[in-house]
Amino acid sequence: MKRFLSNVRRAGNNESLGEFGKMKLHVCSSSNPTRQLETIDDLPEDATVLDLKKRFHMKKRKYYPSRQRFTKFINKSETEKEEEEEEEKKTKKNVFKGEALVPDGKKLSEFGIGYGDVVLFKDLGPQISYQAVFFWEYFGPLMVYLPFYFYRERIYGRFFGFSPKECAKPFVRAQTLALWFHSAHYAKRIFETFFVHSFSRATMPIFNLIRNCGYYWTFAGLMSYFINHPRYTSPGDRQVTIGFVLSALFQLGNFRCHVIQKRLRSSGGSSSSSSSSSETKYVIPSGFLFDYVTCANYCCEIYQWLGFNIATQTAFGYLFLMAGMSQMFPWAVQKHKRLKKLFDGTNGRKKFKRRFIVLPPFF
Amino acid sequence: MGTNSNNNNNTNNNRNSNTFSRKKGLIHGYLLLYNLIQSLGWTAVLASALRAVLLPASSNFGRTTNWQERLTTVYDHSSMFVKPFQILSLMETLHAVFGFVRSPVLPSVLQWMGRTHVLMCVTDSVIPLQKTTAAGVLILCWAITECVRYPCYALGILNATPKWLLYLRYTLFIPLYPLGAASEMKLMYDSIGFVKRVEMYYVHMPNVLNFAFDYSWFLYLVLVVYPFMFAQLYFYMFHQRRRKLKTKKA
């Protein structure tokens, strides 16, 4: 009886009552909610977001599930709408867009969506899996670095116009070691992509592939060009040794951090898009450097590249380090804030201890 | 680039404490002063440029000349005004950094760098380029847009922007922006031969930082990227135009 009444309450003026246990949804465009795209009327009452996506994919073959993004629709009365249009112009946010329907495993009813409701659809564009992106953005630098070392005469001699005698100069210790370190670093990253990392999201827009690959490949090429240059000036022997020792230590440290983080995920840590749990279970990483630094993995990464640059001493190497830091710092601050907010010591949760954010002893 | 597309001088005002409104008043006063100074400066640029174009007799010993020849004299007349005020416009980036104005930092700094690079590194360093029509067109485009933009900002602080000024600001860019961008590209392209010959701004290896810089390659790169950046900004200005002129009429 209760279910019958709730169906009556939810059904709009023009909706006829559907069968028990079924859900009917209108899918409209999130950029223009007056434009209706599809009606999906064979969803079970306890359908999840993923079920909705699969049904939508069956009706519109172009939009495979990972490309779909649904948000809740907020229906406002006319007067409220006008007030909010002013607001909208100032903040540029769409006022009728509610919360996003993520993760996929969550039930539609948990969002408060009922029979006859409208959901908004947005096309995220062609998607590519995280693993594929990571692979190509790390495989490229590995490959791009090599020609400058192994085809020196052809590149510096024929293409850039340095004399063959200069190009035939033997390599300095720093240059050979740099080759090994650079290649080992990216080989390690590729290994981690397939065997260590577990990704909380399955895909990303394909534009990111081009952007990320451009960044990594260009810097790898530039660093390689200057390190393997016939006129490369190596820093002193001791500096080279210290630099590479530091780099090796922190590379190993970085690997250990990633393994620790992976173990967090597999033991029920962060959210997974295909998991059935609707809660985001964050766990404070602990052990090794995580007790002192929130983002110990970024810390090791930064110091590892610093070691590499101390050993090779190129302007573009340091530029690459700066670029990496400028990206990692905001991420680290966000993560630190998130964990601090979540673990505030109340409700039996642990209190997030004060620690460095990403770069001890500075920050 | 030709026009600055930032939406400046919209500080928010929803707190009531005395110190805050005093600080806000100070900031507004300072911004008003800055925009006034720039308005005067760019008026000087425009005046000198127009003098070169409209009254050539005074600078050409009474010879009658055609428009192209007159444009080639513009840089000589205006450079002493353009250089300080264009460099001074770096302050606008700092205003964005310190939050005096609500506009993003990165586009502001990129635009300043683009313009100042063309002015100082390309045109000022390569003397033959100063006597080209492209340089003249460039100065005139910049001067006209800035003479409308800065008074617009200044009056905006006082909330006294006349409709016609706003209309000018968001309409003049339509011809001037492409003209300005085209002249910038032409100047950069013409400078490449000279740059290669004298190896201007080149950095050679070996050096302690293992760094090398080939300015002609840099210019080629900028020339390739320029149309895309220009298109982006141009369409953004149209979008702004629709927003600003629509609300004024409504």
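Mentor: Let's begin with a definition: helices (H or I, at least four residues) and strands (E, at least two) are DSSP runs, numbered from the N terminus. By that rule A:Thr203 is found in strand S7, residues 203-205 of chain A. Please keep in mind that this is a predicted model, where local features need pLDDT of at least 70 and side-chain atom pairs count only at pLDDT 80 or more, while totals for chains, interfaces and linings use all residues. Residues are numbered from 1 along each chain as its sequence is written, chains are lettered from A and ligands numbered from 1 in the order in which they are written, and side-chain values use heavy atoms, with hydrogens and water left out.

Trainee: Thanks! Why is A:Thr203 called buried?

Mentor: Buried means under 20% relative accessible area, exposed means over 50%, and partly exposed is in between (1.4 Å probe, protein chains only). A:Thr203 has 14% relative accessibility, so it counts as buried.

Trainee: What makes the pairing of A:Thr203 with A:Gln127 a polar contact?

Mentor: A polar contact is a pair of N or O atoms within 3.5 Å; within protein, one must be able to donate a hydrogen and the other to accept it, and residues adjacent in sequence count only if both atoms are side-chain atoms. The side chains of A:Thr203 and A:Gln127 meet that rule at 2.7 Å. Leaving aside residues up to four places away in sequence, A:Thr203 also touches others, including A:Ser66 and A:Tyr130, where contact means heavy atoms within 4.5 Å.

Trainee: Which polar partners does the side chain of A:Asp123 have?

Mentor: The side chain of A:Arg67 is one, at 2.6 Å, and the backbone nitrogen of A:Gly125 is another, at 3.0 Å.

Trainee: How do you know that the buried residues of helix H2 of chain A are on the same side?

Mentor: Those residues are A:Val49, A:Leu52, A:Lys53, A:Phe56 and A:His57. They cover an arc of only 135° around the axis, which puts them on the same side of H2(A). That arc is taken from the directions from the helix axis to the C-beta atoms. Their cover includes strands S1, S2, S3 and S5 of chain A.

Trainee: How much area is buried between chain A and chain B?

Mentor: About 1100 Å², with carbon and sulfur atoms giving 61%. Buried area is the accessible area (1.4 Å probe) that two parts lose on being put together, summed over both. In chain A, A:Phe226, A:Arg231 and A:Gln313 lose the most, together 38% of what that side buries.
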